[in-house]
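User: I have a new chain on screen and would like a quick tour. Please keep it brisk.

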Amino acid sequence: MSVRIRHLRAILASINEQLLQSDLRPEARDYLERTAHSCRETIRELATRL
């Protein structure tokens with residue numbers, strides 16, 4: 001399960017880097033923010049099971 005958390009954290013780091021770009025379309029920014037939120041929630045859920 002810790003491998004899954006590491007993978008999600010890597011995805012989250014990538015999303016955060018993309019969110020720093022100022023030229024994102026609003027729809028793309030919304031999608032990335034929703035995906036980041038989902039990653040954080042899943043990481044929290046998995047961490048409570050450890």
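## Salt bridges and helix packing

User: How far apart are Glu41 and Arg44 in helix α2?
Analyst: Three residues, with both in helix α2 (residues 26-49), so about one helical turn separates them. Helices here are DSSP runs of H or I, at least four residues long, strands are E runs of at least two, and numbering starts at the N terminus.

User: Before we go on, what kind of model is this?
Analyst: It is a predicted model: local features need pLDDT of at least 70, side-chain atom pairs count only at pLDDT 80 or more, and totals for chains, interfaces and linings use all residues. Residues are numbered from 1 along each chain as its sequence is written, and side-chain values use heavy atoms, leaving out hydrogens and water.

User: Back to that pair. What do the side chains of Glu41 and Arg44 form?
Analyst: A salt bridge, 2.6 Å from N to O. The term means a side-chain nitrogen of Lys or Arg within 4 Å of a carboxyl oxygen of Asp or Glu.

User: How accessible is Glu41?
Analyst: Glu41 is partly exposed, at 37% relative accessibility. Arg44 is partly exposed too, at 46%. The cut-offs: buried is under 20% relative accessible area, exposed is over 50%, and partly exposed is in between (1.4 Å probe, protein chains only).

User: How many salt bridges does the structure hold?
Analyst: Three. Another one links Arg49 with Glu45, where the closest N and O atoms are 2.5 Å apart. Those two residues are four apart in helix α2, about one turn. Glu45 is partly exposed, with a relative accessible area of 42%.

User: Which residue does Glu27 bridge to?
Analyst: Arg25, with 3.0 Å between the closest N and O atoms. Arg25 is exposed at 54% relative accessible area, while Glu27 is partly exposed at 49%.

User: New topic. What secondary structure does the chain have?
Analyst: Two helices and zero strands. The C-alpha trace spans about 40 × 15 × 10 Å along its principal axes.

User: At what angle do α1 and α2 pack?
Analyst: About 155 degrees, with the axes 9 Å apart; α1 covers residues 2-19. That makes α1 roughly antiparallel to α2. Axes are lines fitted to C-alpha atoms, for helices over the stretch in contact, and angles run from 0 to 180 degrees between N-to-C directions. Under 35 degrees counts as roughly parallel, over 145 as roughly antiparallel, 65 to 115 as roughly perpendicular, and the rest as oblique.

User: Which residues make the contact?
Analyst: On α1, they include Ile5, Leu8, Leu12 and Ile15; on α2, Leu32, Ala36, Cys39 and Ile43 are among them. Contact means heavy atoms within 4.5 Å.

User: How do the residues of that contact divide?
Analyst: Twelve nonpolar, four polar and five charged. Ala, Val, Leu, Ile, Met, Phe, Trp, Tyr, Cys and Pro count as nonpolar, Asp, Glu, Lys and Arg as charged, and the others, Gly among them, as polar.

User: Take Ala36. Buried or exposed?
Analyst: Buried, at 1% relative accessibility. Ala36 sits in helix α2. Leaving aside residues up to four places away in sequence, Ala36 touches Leu12 and Ile15. Its C-alpha atom is 8.9 Å from that of Ala13, 23 residues away along the chain.

User: What percentage of the chain is buried?
Analyst: 24% of the 50 residues.

User: And what share of contacts join residues at least 24 apart?
Analyst: 63%, among contacts between residues at least 6 apart in sequence.
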